[in-house]
Amino acid sequence: MHNFENQTASQITNGSLPSRALGRRAFLGRMATGAALLAPGASLLAAGKAKGRPNLSKGDAALLRFAAAAEILETDFWVQYNELAGIQDSEEPDGTGNPDFTNAVKQLDGDMDQYIHDNTEDERTHFTFLNAYLMSKGAQPVSLEPFRNLTATSSKATGSSQKPRLTNLTQLTLDTSWWTRYRSRTENPDLDPSFVFPQAIPDLFTGQHTAIPRTNADVMNADLLQVIANTAGFHFATIEQGGNSLYPSMAQRAQSVEVLRILISIGPTETMHFQTWQDKAGNAPQVSAFDPVNNNTVTFPDLNSPPFPAGFGLEDFQTNLIMPEPCPFISPSLPVCSVIRPTETNGIAMGVVNFLTNMGLFIGQSPAFFAFLNQLAMEADSAQREG
């Protein structure tokens with residue numbers, strides 16, 4: 001996921017992204033501001049007490065802690081989606097559902113409520129398992145509960161529990177270049193990190209956009225509500241394609257065969273999520289609407305029809321091409337291969353933090369929150385595979 005930053009590097013440098021997007025220098029500045037608040041391994045952040053002497057290498061524990069934190073964050077925003085447009089039951093009991101938003105999301109697929117529910121449960125089991133495994137090995141687990149303080153941006157629409165959140169789904173800027181990256185037969189960011197893949201939905205890459213109804217006023221505007229539902233559909237895939245790359249990238253640094261097994265067993269479920277969501281995103285109805293809160297207009301085009309960006313054609317945007325197209329891998333001198341992309345491992349964890357931050361997912365969070373994520377990322381990126 002770290003290579004996704006290359007898509008936005010020049011815009012960040014030139015200040016053409018929204019002012020809330022953090023460049024690396026500004027991002028690290030915020031880390032420093034909050035660093036004093038949280039020492040490494042602070043007991044405040046423990047999900048439970050580790051038992052006995054650690055039976056994991058420092059690097060393996062760091063990889064699993066970062067994965068657990070990422071899964072906690074995923075669970076937080078999936079719960080928000082499930083409260084409004086998923087299925088509320090004994091497995092996922094929060095919220096009461098919003099029939100209008102649920103119907104708008106179902107325009108992408110009639111089973112979206114079931115898929116949202118199951119994705120939410122998957123992410124919850126991921127972080128629960130990872131923390132339990134860490135504790136079973138005498139290593140420190142992860143909790144982000146001290147940072148569950150976002151209330152102003154939690155949906156006030158019918159169906160929402162309005163509980164404090166870790167993540168903000170109302171001011172997102174989405175990089176949808178993964179759409180063309182997985183359809184390209186000639187480019188792989190692992191071999192050419194500077195190559196710029198076109199955006200599937202260019203309007204989502206500028207300004208801020210909500211992926212959930214903020215209040216019942218959003219529900220009253222049918223076109224705006226469909227734009228919000230479409231935005232959610234593309235956000236689902238944007239997030240899951242990140243996990244799609246994160247796990248194989250981290251697995252290359254694991255020392256223990258068992259930790260390797262964990263990473264390569266959870267990772268493919270993220271791929272299954274991505275495969276589902278990119279298929280559904282392709283069904284997003286053509287619609288355009290103005291958002292009076294975020295002050296922008298978003299248009300969802302017919303991705304199967306021209307005009308296409310110069311140098312790109314139908315196959316780079318075609319909605320039913322949901323299998324990864326073969327592309328260069330390892331070396332351009334080797335035959336093309338259908339693979340996950342990118343999987344380069346250097347800087348993967350910090351890249352994830354920057355990617356999610358630049359998305360706007362953490363708008364409103366405290367310096368201590370950023371400091372802690374930075375700490376987890378640096379420790380994970382320091383993990384080294386021996387031999």
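Start with the largest pocket of this predicted model: select Thr75, Arg124, Phe127, Glu145 and Arg148, which lie nearest its centre among 17 lining residues. A pocket here is an open set of points on a 1 Å grid over the protein atoms alone, with protein on both sides within 12 Å along at least five of seven lines, and lining residues have an atom within 4 Å of a point. The elements that give two or more residues to this lining are α3 (58-85) and α5. Helices (H or I, at least four residues) and strands (E, at least two) are DSSP runs numbered from the N terminus. With 4 residues, α3 gives the most.

The pocket holds about 240 Å³ of space; the volume is the space filled by probe spheres set on the points, which are joined across faces, edges and corners. Colour the lining by type to see 7 nonpolar, 3 polar and 7 charged residues. Nonpolar covers Ala, Val, Leu, Ile, Met, Phe, Trp, Tyr, Cys and Pro; charged covers Asp, Glu, Lys and Arg; the others, Gly among them, are polar.

Two conventions apply throughout. Residues are numbered from 1 along each chain as its sequence is written, and side-chain values use heavy atoms, with hydrogens and water left out. Local features need pLDDT of at least 70, side-chain atom pairs count only at pLDDT 80 or more, and totals for chains, interfaces and linings use all residues.

Next, select α5, residues 112-136. Just after α5, Gly138 has a positive phi of about 75°. Move on to Gln162, in the loop between α5 and α6 (178-181); its phi is near 60°, positive although the residue is not glycine.

Now show α3 with helix α8 (residues 222-251): they pack at about 170°, axes 12 Å apart. Axes are lines fitted to C-alpha atoms over the stretch in contact, and angles run from 0 to 180 degrees between N-to-C directions. That makes the pair roughly antiparallel (over 145 degrees; under 35 is roughly parallel).

Finish in the loop between β2 (296-300) and α10 (348-359), which holds Pro307. A cis peptide bond joins Pro306 and Pro307, with omega about 10°. Pro342 lies in the loop between β2 and α10, and a cis bond joins Arg341 to Pro342, with omega about 0°.

Terms used. Expected span 1.5 Å × (residues − 1). 1 Å grid on protein atoms, 1.4 Å probe; cavity = no way out; pocket = protein on both sides within 12 Å on 5 of 7 lines; lining within 4 Å. Parallel < 35°, antiparallel > 145°, perpendicular 65-115°, else oblique.
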